[in-house]
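Please look over the sequence and the structure below. The paragraphs after them go through the fold piece by piece.

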Amino acid sequence: MDGAGGRTMLRKKDLVEVLGVAKSTVADWISEFQVFIPIIKEGALTYYKPESVNVLQTIKTMREQNMPKSEIYAVLQQRGFPITISEAEEDVQKVLGKLDARKQLLDVMNQVGNALERLADQEETIEHIEKRQDALSDQQKFLSERQDEADGRVTELEQLVHQLEEKHKTELERIAQKFEQELEAARMEIASTKAELENRKKPWWKIWR
């Protein structure tokens, strides 16, 4: 589409090709920074002015540097990218009557820009809190896993101790039984020896009685 002055208007797919990023990414940037994106609407169709490319290229560069939304807003304002006011000017004129709609709208849009910056800061704060919560959740999961490992190790040690106790108990019983057998054999040997000694003390003719 050709706009005023013969300038070619762009569709969203044109912006995607120029920027070299996903369509969803371009859509997100347009939604987040729409006050800086100059557009023209023809019925249900939306066209983007050529200067939109410069704005989006700047946003792309700052996004690649992981700059937060609030800083990107500030940089776009500092670089003098105009805030889009053409669509809202007529409505403001109706409300403000004879007042300069464009001047009033600029004030309103500046307030909106400031509000959006504060909103971006709040979103970053929420994102930071969510990341902290995720980190705490990961730590709790790690500690829980370590506790499970420790419990498992304790169970293994208890089983090992029980096995050793059973083994030693069986060994002690075997040793005691053997000792009892040897003691009984010793008693029998002593009794036999004693009987033999008593027999030797008797005269030889009494032994055969």
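**A walk through the chain**

T8 lies in the segment before α1. Its relative accessible area is 44%, so T8 counts as partly exposed (buried means under 20% relative accessible area, exposed over 50%, partly exposed in between, with a 1.4 Å probe and protein chains only). T8 and K49 are 41 residues apart in sequence, yet 7.6 Å apart in space, C-alpha to C-alpha.

The model is predicted: local features need pLDDT of at least 70, side-chain atom pairs count only at pLDDT 80 or more, and totals for chains, interfaces and linings use all residues. Residues are numbered from 1 along each chain as its sequence is written, and side-chain values use heavy atoms, with hydrogens and water left out.

The chain has seven helices and two strands, in the order α-α-β-β-α-α-α-α-α along the sequence. Helices (H or I, at least four residues) and strands (E, at least two) are DSSP runs, numbered from the N terminus. Of the 209 residues in the chain, 20% are buried. Contact means heavy atoms within 4.5 Å; among contacts between residues at least 6 apart in sequence, 57% join residues at least 24 apart.

Two packed helices are described by the angle between their axes and the distance between the axes. For α1 (residues 12–19) and α3 (residues 51–64), the angle is about 50° and the axes are 11 Å apart. Axes here are lines fitted to C-alpha atoms, for helices over the stretch in contact, and angles run from 0 to 180 degrees between N-to-C directions. α1 and α3 are therefore oblique to each other (under 35 degrees is roughly parallel, over 145 roughly antiparallel, 65 to 115 roughly perpendicular, and the rest oblique). On the α1 side, L15, V18 and L19 make the contact, and they meet V53, L56, Q57 and K60 of α3. By class, the residues of this contact are five nonpolar, one polar and one charged (Ala, Val, Leu, Ile, Met, Phe, Trp, Tyr, Cys and Pro count as nonpolar, Asp, Glu, Lys and Arg as charged, and the others, Gly among them, as polar).

In α2 (residues 23–32), the buried residues are V26, W29 and I30. Seen down the axis of α2, they fall within an arc of 100°, so they line one face of the helix; the arc is that of the directions from the helix axis to the C-beta atoms. Their cover includes α1, β2 (45–48) and α3.

Further along, S70 lies in α4 (residues 69–78). S70 counts as buried because its relative accessibility is 10%. Not counting residues up to four places away in sequence, S70 touches E117, A120, D121 and E124.
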